[in-house]
Amino acid sequence: MWQTKHHKSLFKFGTDTNNHIERFNRILKDYTSPKMYISECVAKLILIVEDAKADEMNININLKQKIYNYDDSALLKRFGSQITSKAIELLRKQNEKLKHKHYFIKEIEESRWKIGHKDEEENHFITTSIVYRNPYEDLLFCNCQFYLQNQLPCRHMIILLDRNTDELYDQANKIQEVFSINKQWLKNPAGYYINEIDD
């Protein structure tokens, strides 16, 4: 947490690890060697770019063909093609938790909901999380442990959007237009990084 706060003002491609640069270095080592002439290196670098473009095209084709499970949440069916396989796996686990317990939703004020389980008489909440919409960004946040650790939609957000009609949700084309989500979960975040540099 302290590292994230320290790096908050730095441009770091939406991650607090060196995974991106390590992967890039590994690709360079696969294509090049110290014994090459500079002209050979340039030719290899051009080949790397061409291969990356081909991979991106294949990913986009595969995403369009992807078939989701019949019991996946509406959220996953709608935005699943935009997020990584690991994110899909985590969202499925959150959706699975919704099937074992009955969740209640109570709007405590505008754009702020209490979501959780109630006692046997269904009078009082025994476990709760607060989902709220940030007025400045119009994005959903939650105070549950899963969301705070992963910055990925949690079961409380899933059930809120499944049960409540939301105009912003219905009009959104990208998952990051609805939720505050860590860019590491996006399938193809390179365009967003480039836009950040331009800004």
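Okay, let's start with Ser73, which has 5% relative accessibility and so counts as buried; buried here means under 20% relative accessible area, exposed is over 50%, and partly exposed is in between, with a 1.4 Å probe and protein chains only. Before I go on: this is a predicted model, where local features need pLDDT of at least 70, side-chain atom pairs count only at pLDDT 80 or more, and totals for chains, interfaces and linings use all residues. Residues are numbered from 1 along each chain as its sequence is written, and side-chain values use heavy atoms, with hydrogens and water left out.

Back to Ser73. You'll find Ser73 in the loop between H3 and H4. Helices (H or I, at least four residues) and strands (E, at least two) are DSSP runs, numbered from the N terminus. What does Ser73 contact, leaving aside its neighbours within four places in sequence? That would be Asn95, Ile158 and Asp162, with contact meaning heavy atoms within 4.5 Å.

Now the surface. Ile38, Val42 and Ile46 make a nonpolar patch with about 300 Å² of accessible area together. Patch residues have over 30% relative accessible area and no salt bridge; like charges are joined within 9 Å, and nonpolar side chains (Val, Leu, Ile, Met, Phe, Trp, Tyr) within 5 Å. A salt bridge is a Lys or Arg side-chain nitrogen within 4 Å of an Asp or Glu carboxyl oxygen. Areas are Shrake-Rupley with a 1.4 Å probe, and for residues only the protein chains shown count as cover. Val42 belongs to H3, residues 38-65, and is partly exposed at 44%.

Zooming out, the chain has 9 helices and 4 strands, running α-α-α-α-α-β-β-β-β-α-α-α-α. Of its 199 residues, 32% are buried. The accessible surface comes to about 13,900 Å², with 51% of that belonging to carbon and sulfur atoms.
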